[in-house]
Amino acid sequence: MDLKAKTVVVTGASSGIGRAVALECARRGANVVLGARREQALRTTADECRQFGVRAEAVVTDVTRREECARLIESAGTVDVLINNAGFAIFDAIESAQPDDLRTMMETNYFGAVHCTQSVLPQMLARGSGTIVNVASIAGLMGYARMGGYCATKFALVGFTEALRDEVIRRGVRVALVCPGTTETEFFVKAERGKMPGASRLMLAVKPEQVARVVVNAAESGAYRRVVPLLAAAFTKFKEITPRLAHTLFRRVSSKLEPR
Ligand SMILES: NC(=O)c1ccc[n+]([C@@H]2O[C@H](COP(=O)([O-])OP(=O)(O)OC[C@H]3O[C@@H](n4cnc5c(N)ncnc54)[C@H](OP(=O)(O)O)[C@@H]3O)[C@@H](O)[C@H]2O)c1
């Protein structure tokens, strides 16, 4: 599918990957409707998108609120592509994680995508066309120490994505999953990099623009699943083939790299 003149809704477009996705969609000629909570930052992304000669609308949206997700979709009219990207992390060991943090992460990263998906599905199914891209994480494919609360939200999103795809694939709606590894964004203002397992820190952070190209390519092709960067994709494959060995290896490398 060519994105030219299509309408793409992007959540979490006020910064990082979502902002880069919005710009990449606009560069490819799509009209964009952008959702996030910070109005000024969202408007700035919309202004930047308009420089490509497309229409861009900023709709202040808290994805934890079902009615705000419905309004975001409604204000977009006919939605060709929905990109569920909004999310955040607070890393902590399970023994000390704050219940409110665990709940808010699930409300945002998982239920945010559920609300937007349920708002857009009726029109896509009625037309028999449309694409939904969910931005999960490599933390949705393997559990990492001190990231359990965040991993749970992304594992939930991966399961939701796979089930949704099987429900709608024969009704003309495509569902794609993108799992980025560490990416250089404001994500790490809240998520403490130092709490990541030592071996995770070996993986160099990728730029949001690189992830955005993968996300937008997935929107165009309806890819089954894309993991970015390549090293993360290779390790994820290894984990799927032999999970116990992958965890043991990862733990051993991490314990050598972490201060005692
Ligand atoms: N950075 C990484 O290493 C990494 C790796 C794998 C996956 N990811 C995933 O990639 C996605 C984007 O993260 P990022 O790295 O680009 O981080 P970011 O720069 O912090 O962007 C997060 C975006 O989500 C929005 N958001 C957060 N809570 C929201 C809410 N309740 N309602 C609406 N929007 C909300 C933020 O906007 P407002 O604050 O304006 O609402 C912001 O636009 C997230 O789902 C994240 O889990 C990130």
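This is a predicted model: local features need pLDDT of at least 70, side-chain atom pairs count only at pLDDT 80 or more; totals for chains, interfaces and linings use all residues.
Seven strands make up an open sheet with parallel pairing, and their order is β3-β2-β1-β4-β5-β6-β7. At the edges stand β3 (56–60) and β7 (225–228), each of which pairs on one side only. On average, neighbouring strands of this sheet are turned by 15° against each other, direction ignored.

Strand β5 (residues 130–135) pairs with strand β6 (residues 173–180) in the parallel sense, over six bridges. In this region Ile132 stands opposite Val175 in β6.

Helix α1 lies across β1 (7–11), β2 (31–36), β3, β4 (81–84), β5 and β6. Its direction is at about 170° to β1. Two packed helices are described by the angle between their axes and the distance between the axes.

With helix α2 (residues 39–50), α1 packs at an angle of about 20°, and the axes are 9 Å apart. The two helices are therefore roughly parallel to each other, since angles under 35 degrees count as such. The crossing of α1 past α2 is right-handed. On the α1 side the contact is made by Arg19, Ala22, Leu23 and Ala26, and on the α2 side by Thr45, Glu48 and Cys49. By class, these residues are four nonpolar, one polar and two charged.

With helix α7 (residues 208–221), the angle of α1 is about 55° and the axes are 8 Å apart. This angle makes α1 oblique to α7. The crossing of α1 and α7 is again described as right-handed. From α1, the residues Gly16, Ile17, Ala20, Val21, Glu24 and Cys25 meet Pro208, Glu209, Val211, Ala212, Arg213, Val215 and Val216 in α7. The contact of α1 with α7 divides into nine nonpolar, one polar and three charged residues.

## Helices α4 and α5

Helix α4 (99–127) packs with helix α5 (residues 148–168) at an angle of about 15°, and their axes are 8 Å apart. That angle makes α4 roughly parallel to α5. The crossing in which α4 passes α5 is right-handed.

Residues of α4 in this contact include Asp101, Leu102, Met105, Met106 and Asn109. Those of α5 include Gly149, Tyr150, Ala152, Thr153 and Lys154. Counted by class, the contact of α4 with α5 has 14 nonpolar, four polar and two charged residues.

## Around the ligand

There are 33 residues around the ligand, and Gly12, Gly16, Arg37, Arg38 and Gly87 come nearest. The elements that give two or more residues to this shell are α1 (16–27) and α4 (99–127). Gly16 of α1 also takes part in the contact with α7.

By class, the shell around the ligand holds twelve nonpolar, 17 polar and four charged residues.

## Two backbone details

Most residues other than glycine have a negative phi, and most peptide bonds are trans. Ala5 has a phi near 65°, which is a positive value in a residue other than glycine. Ala5 lies in the segment before β1.

The peptide bond from Val228 to Pro229 is cis, and its omega is near 0°. Pro229 belongs to the loop between β7 and α8 (230–241).

Definitions and conventions
Residues are numbered from 1 along each chain as its sequence is written. A residue is near a molecule or strand if its C-beta atom, placed from the backbone, lies within 6 Å of it. Helices (H or I, at least four residues) and strands (E, at least two) are DSSP runs, numbered from the N terminus. Ala, Val, Leu, Ile, Met, Phe, Trp, Tyr, Cys and Pro count as nonpolar, Asp, Glu, Lys and Arg as charged, and the others, Gly among them, as polar. Axes are lines fitted to C-alpha atoms, for helices over the stretch in contact, and angles run from 0 to 180 degrees between N-to-C directions. Angles under 35 degrees count as roughly parallel, over 145 as roughly antiparallel, 65 to 115 as roughly perpendicular and the rest as oblique. A crossing is left-handed if the near helix is turned anticlockwise from the far one by less than a right angle, and right-handed if clockwise. Two residues are in contact if their C-beta atoms, placed from the backbone, lie within 7 Å. Two strands pair if DSSP finds at least two bridges between them.
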